[in-house]
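Morning, everyone. Please have the structure open while I talk.

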Amino acid sequence: MKQIITYSELRERRRCPYRAHLNYDRRITPIVKSPGLREGTIFDAGMNALYDYVAATGSYSSAPMREAMVREWAEERDRIEARIPMMAEEWEPLQERVNLLYEVADAYVDFAAVNDHFDAIVCTQYEGRVPVINEYGRASTKYDLRFKLDGLIVIDGKLWVLENKAWKTIAQDAIRMLPLDEQCGMYLWALRQQIKRHEAPGYIADAVKRYGWPVGVYYNIIRKATPRVPALLKDGKTSRDQRCDTTAEVYEATLIERGQDPADYADVLETLRQKGNTFHYREAVYRNHLELEEIGQRIYEGTRYLAGKHRFKFPERSCTWECAYFALCLEWSEDLLAEQYTVRDRRHAEYEEIEEAA
Ligand code: SF4
């Protein structure tokens, strides 16, 4: 029997072995009052539909993206309703958040139609698994790593893993971390392992023959916000406030719509152009052979950590807001366990024990 592990479990095992023990070994799950809206699931469905459409037709349209998001939102509503019946007014804020996602999606299609320079889209949403490789280069008989890519694309004749990210803000410190992004590094390592072991599907193997091995991760970051329309002042002019959270394109289009001359607002437009697009950001991060080898070892060492059955606590300040097991960690109590937590029947679906292939 092999055990499937994921990046999330490896991360949690290292962050706090005790928390991972409660979550993965004892299968204890906090009872949540509201199951919460999975915005990422809705947006991912839209992105996949968009790029499937682009791959099939070579053109861009917001319709397939919107249709997929509407379908996913209907499923999300059913899921939430099944967990907890909600009043009509409780649905309103969720619907508003989904409406914003629709607007973000429409704006993204306009942006992508101009700025995507992909030679080819090999696939969207690819899921696979590979054995963890031990320190001697041998495949583990105990652990497989499961990974999931948003897509595989070709840019300037090179093959890239596509990673779509929907962020609340596009913060510089988060961008600086992209070259160290462990999750996508592990996914790239896993994909290359699969190719090396001749276990990748034919269409990926063909793409590798044509374009070479995947060279890195192409981050496609989309801010979950849309550019603001600049305010219309009482004297009929458009606000010159340069802190307005918008783009030069939206500002100029607003001026034209209001019958105003963009030349009169050249200074504002120039500032906005210099600020650039703060709603979409892209960066291609190469990962070389040595980096990937080190990432592979990090995965292996993570599984050693798991095999060691560590259960020590790792308390730090972030526990108070980040850990759903805080109360239980503070003082173990059977009453608390019964009131605030539930025990899953088995490991999370993505962690089920599976028969090892003969
Ligand atoms: S509160 Fe902190 S120390 Fe306790 S289980 Fe959670 S992460 Fe670990």
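Where does Arg-27 lie? Arg-27 is in the loop that runs between α2 and β2, the strand at 28-30. One caution before going on: this is a predicted model.

Why pick that residue? Look at its backbone. Arg-27 has a phi near 60°, which is a positive value in a residue other than glycine. Now its surroundings. There are 15 other C-beta atoms within 10 Å of Arg-27, so the residue is partly exposed.

Next, Lys-309. Again, start with the backbone. Lys-309 is not a glycine, yet its phi is positive, about 55°. The residue sits in the loop between α11, residues 289-307, and α12, residues 319-322. Buried or exposed? Lys-309 is exposed, because it has 9 other C-beta atoms within 10 Å.

From there, jump to Gly-202. Gly-202 belongs to helix α8, which covers residues 202-211. Gly-202 counts as exposed, because it has 7 C-beta neighbours inside 10 Å. How far apart are the C-alpha atoms of Gly-202 and Lys-309? They are separated by 39 Å, and along the chain the two residues are 107 residues apart.

For contrast, Ile-153. This residue is in strand β4, residues 139-155. Ile-153 counts as buried because it has 24 C-beta neighbours inside 10 Å; the cut-off for buried is 20 or more. What does Ile-153 touch, leaving aside its neighbours within four places in sequence? The contacts are Phe-118, Ala-120, Ile-121, Val-122, Trp-160, Leu-162 and Tyr-218. One more pair here: Ile-153 and Cys-123. They are 30 residues apart in sequence, and their C-alpha atoms are 7.2 Å apart in space.

Now step back to the whole chain. The protein chain has 14 helices and 9 strands. Its C-alpha trace spans about 70 × 55 × 35 Å along the principal axes. The chain has 358 residues, and 28% of them are buried. Take the contacts with a separation of 6 or more: 73% of those are between residues 24 or more positions apart.

Pair one is α3 with α4. Helix α4 covers residues 62-83, and its axis is 7 Å from that of α3, at an angle of about 150°. Anything over 145 degrees counts as roughly antiparallel, so α3 and α4 are roughly antiparallel to each other. The crossing of α3 past α4 is right-handed. Who meets whom? On the α3 side are Thr-41, Ile-42, Ala-45, Gly-46, Asn-48, Ala-49, Leu-50 and Tyr-53.

Pair two keeps α3, residues 39-57, and brings in α5, residues 88-115. Here the axes are 11 Å apart and the angle is about 30°. That makes α3 roughly parallel to α5. This crossing, too, is right-handed. From α3 come Glu-39, Ile-42, Phe-43, Gly-46 and Leu-50; from α5 come Arg-97, Val-98, Leu-101, Ala-105 and Val-109. The residues of this contact of α3 with α5 divide into 7 nonpolar, 1 polar and 2 charged.

In α7, Gly-185, Met-186, Leu-188, Trp-189 and Arg-192 meet Leu-292, Ile-295, Gly-296 and Ile-299 in α11. The class count for α7 with α11 is 6 nonpolar, 2 polar and 1 charged.

Last stop, the ligand. Which residues are around the ligand? They are Cys-16, Tyr-18, Arg-19, Lys-313, Phe-314, Pro-315, Cys-319, Cys-323, Tyr-325, Phe-326 and Cys-329. Two or more residues of that shell come from α2, at 17-25, and likewise from α13, at 326-330. The shell has 9 nonpolar and 2 charged residues, and no polar ones.

That brings us back to where I began: α2 gives residues to the ligand shell, and Arg-27 lies in the loop between α2 and β2. I'll stop there.

Key. Residues are numbered from 1 along each chain as its sequence is written. This is a predicted model: local features need pLDDT of at least 70, side-chain atom pairs count only at pLDDT 80 or more; totals for chains, interfaces and linings use all residues. A residue is near a molecule or strand if its C-beta atom, placed from the backbone, lies within 6 Å of it. Helices (H or I, at least four residues) and strands (E, at least two) are DSSP runs, numbered from the N terminus. Ala, Val, Leu, Ile, Met, Phe, Trp, Tyr, Cys and Pro count as nonpolar, Asp, Glu, Lys and Arg as charged, and the others, Gly among them, as polar. A residue is buried if 20 or more other C-beta atoms lie within 10 Å of its own, exposed if 12 or fewer, and partly exposed in between; C-beta atoms are placed from the backbone. Axes are lines fitted to C-alpha atoms, for helices over the stretch in contact, and angles run from 0 to 180 degrees between N-to-C directions. Angles under 35 degrees count as roughly parallel, over 145 as roughly antiparallel, 65 to 115 as roughly perpendicular and the rest as oblique. A crossing is left-handed if the near helix is turned anticlockwise from the far one by less than a right angle, and right-handed if clockwise. Two residues are in contact if their C-beta atoms, placed from the backbone, lie within 7 Å.
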